[in-house]
Amino acid sequence: MRFFLRYISASFYVLLILLLSWHFLYFNFWRIRYNFGADIWLWGDSQLYQALDQHTWNEDFNVVYAAGHGYGFQDLIAFTHRLPDSAEVILSVGPLFYRYSQDRNTGGLCIDCIESLVKYKQIVDSNYTILSKLRQNMVQEFSRTALFSAKTSVYPDTVRLDLRKSYIDNIQNIIESKDLSINFRFKDSVLNESLNQISNKASKLLFLSLPVSGQLLNSSFTKVNDHYMRMLLSAKSDFDLDYDTLHIRVLKDPFYDATHLNESITKLLNEKIKTYFQSMSRNTILVIDLEGNSTE
Amino acid sequence: MDFNSISYFIFLPIVFFVYWLVLVKHRQVRNVFILSVSYFFYASWDWRFLSLIAGSTILDFFIAKKLSKSTLEIKRKLLLFSSLILNLGVLGVFKYYNFFASELVELFSLMHLSLGDLTLNVVLPVGISFYTFQTLSYTIDVYKRKLEPSNDIVKFAAYVGFFPQLVAGPIERAGTLLPQFDKVFTFNTNQAINGFRLIVWGLFKKVVIADSLAPIVNEIFANYSDQTGVDLALGAVFFAFQIYGDFSGYSDIAIGSAKLFGFELMSNFKFPYFSRNVGEFWRRWHISLSTWFRDYLYIPLGGSRVENWLKIRNVFMVFLISGLWHGANWTFIIWGGIHAVMFIPSFFSRNKQLPKELEILSFIDLLRVFGTFSIVCIGWVFFRADNISHAISYFASFTWSFHSTVYLYLVYPLILLFAEWQIRNDERLSEPLISKKYEFLLLGVLMFVVYIFRDTPIEFIYFQF
């Protein structure tokens, strides 16, 4: 038995050494260098993931597409630390960034980020299982268009009022039961540090503010949205950003649920943002305003 | 609790240590422990179906005892048939009822008669086909007086429910596995290392080979009309290696897990894609099922000691029922039919034994291996298709176009073939993969590769059967 246990332990030691080497070398050196040649580095949560179709963007640019459902503050920190110098960046941070406890964290182990994460005392939170997140990160983060991922990520033109209502009910419960100010302060400081990193590295930044449905804005979510708008204005002055609004006229409800745009509007939006990004000369906050985005 | 899940790799060491450090010397307590953890393992899928295994176990335990005691042939036959009807009845309700009910409705609708919806909302219990065949073989062996019935219900229940092979085989015979529950084992280091080696290798085949090919196969079969001819052919090849990696990987983990506890299970695969004809393929593929059908269906039907046309009928019956065993769908029956047709030529050849050593001696041999593999791949298209029209459309979409977008994925089958050729005469991996001194390094590397490739665990294909 003893020999068998020694034998197995030796194999697991080999596994452990390989895992640590892999994480350190792969994430912090090779994988990032592999992406150094990318035209655009794009980060956002599900709002961006559903709005900017990575396949459409990959047709024209070499894009590092780091966006997905639930991408949160840890992912943002990891992303900004890993940006190469002179990168061109599209960053989408919306009011959902101030979500209370649902940051997915697929950012994995970023050696450079540990200091920041420790600073925010969030390196190990209740949802953070280090091993599974590391593995997720290896497979998913910064992944390029896979061979067979031609299916778009956009939502269809149907309006899911049930999803919208349940989302609003849920978020209202959270807003009414939690002390928002702590979360605002904490997320503001993360965002400030991230913008600081980006402005030190990026040659071009488009800070994209995507809309949420009118119904959500008419709920107590407005407290979060008001804070978010104040943050935008302060970021404008702190980081010397231009502030612009892109008005798009919509005739019917453009939202699939409370926060995600549907197919028709995203087609239009992809083209407009591409054109805007190519023509902009200064780092800019671009607010997307859907005229006619009224409460149903 | 899949073999490729984290929970299994927490479950296995706990059971291992309790087994060897606490219970191993007390045979009866050990068997109770094996039974308990096996039922716990099964309940982790769906505890409601435990009653089915327990029911089948109790039924066959008592029927076998009565069978053994009885000398009246008519009574013995009645007992055997009651076991067959009850076991196959349960299997039939869960697995085949909806298929036959919908076929009946379809048939009547052709005559403009409506039977309404006769289907039931039932879930197929995991592993039901496997443990049903295992208990049936026990009853039949006792009926034939090849086997003395067990007097210990715990031991018998542990044999039926033994967790490494409970949900997807190998389908063990009572004659070989049941006596092992009588032994008091002492820890055998070589056997345990062999088990560990098999588990790692099985995981590699499942996670790295099968699961990497799965999304490509799904895409090609779902959008077959958009694929070029060469990609359609590759789709069939990839599925061949996906299902092989998946199922033989499962079997290796099962055999390896059993070895950790001192038990030996039968080999289920012997490098089937190196076969030179379909007959040889079936002596290398899913051996526990093909020998089950040989012993409990083919031979009772007369086997080879009958006229040629009866032999052919028997072969067809075995393959068609074997197809149906896999699932209630015409595609499986056609798959069985294709193998039956292609099996016949090798059936009449003289040499039906596997060679002692697997070697490809000549260019002709290589062509025969290639030809056999091509036939097997044609069968796999039916096996994988959703229905017959899907399979036919798949073949109909072939065009002479050699442009491929998926050829790079051939690296997975090639890696597997290369590795299997190195170990071609040792399917149980009883010898170290490399020098004994450094093998732990290779196993560590293989585990690392498994870790890298492991994304969302994909369920083993044979669980659905």
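**Exercise 1. Determine which residues B:Trp380 contacts, leaving aside its neighbours within four places in sequence.**

Solution. Step 1: apply the contact criterion, heavy atoms within 4.5 Å. Step 2: the partners of B:Trp380 are then B:Phe239, B:Ala240, B:Ile243, B:Tyr273, B:Phe281, B:Trp285 and B:Trp335.

The model is predicted, with local features requiring pLDDT of at least 70 and side-chain atom pairs pLDDT 80 or more, while totals for chains, interfaces and linings use all residues. Residues are numbered from 1 along each chain as its sequence is written, chains are lettered from A and ligands numbered from 1 in the order in which they are written, and side-chain values use heavy atoms, without hydrogens and water.

**Exercise 2. Classify A:Asn225 as buried or exposed, and locate it.**

Solution. Step 1: buried means under 20% relative accessible area, exposed over 50%, and partly exposed in between (1.4 Å probe, protein chains only). Step 2: A:Asn225 counts as buried because its relative accessibility is 14%. Step 3: A:Asn225 lies in helix α10 (residues 222-238) of chain A; helices are DSSP runs (H or I, at least four residues) and strands likewise (E, at least two), numbered from the N terminus. Step 4: not counting residues up to four places away in sequence, A:Asn225 touches A:Pro95 and A:Leu217.

**Exercise 3. Summarise the make-up of chain B.**

Solution. Step 1: chain B contains 17 helices and zero strands. Step 2: of its 465 residues, 57% are buried. Step 3: among contacts in chain B between residues at least 6 apart in sequence, 78% join residues at least 24 apart.

**Exercise 4. Describe the lining of the largest cavity.**

Solution. Step 1: on a 1 Å grid over the protein atoms alone, a cavity is a set of points where a 1.4 Å probe fits but cannot get out, and lining residues have an atom within 4 Å of a point. Step 2: the 19 lining residues of the largest cavity include B:Lys205, B:Asp252, B:Phe269, B:Glu427 and B:Arg428, the closest to its centre. Step 3: α8 (189-222) and α9 (229-260) of chain B each give two or more residues to this lining, and α9(B) gives the most, with five.

Methods. 1 Å grid on protein atoms, 1.4 Å probe; cavity = no way out; pocket = protein on both sides within 12 Å on 5 of 7 lines; lining within 4 Å. Nonpolar A, V, L, I, M, F, W, Y, C, P; charged D, E, K, R; others polar.
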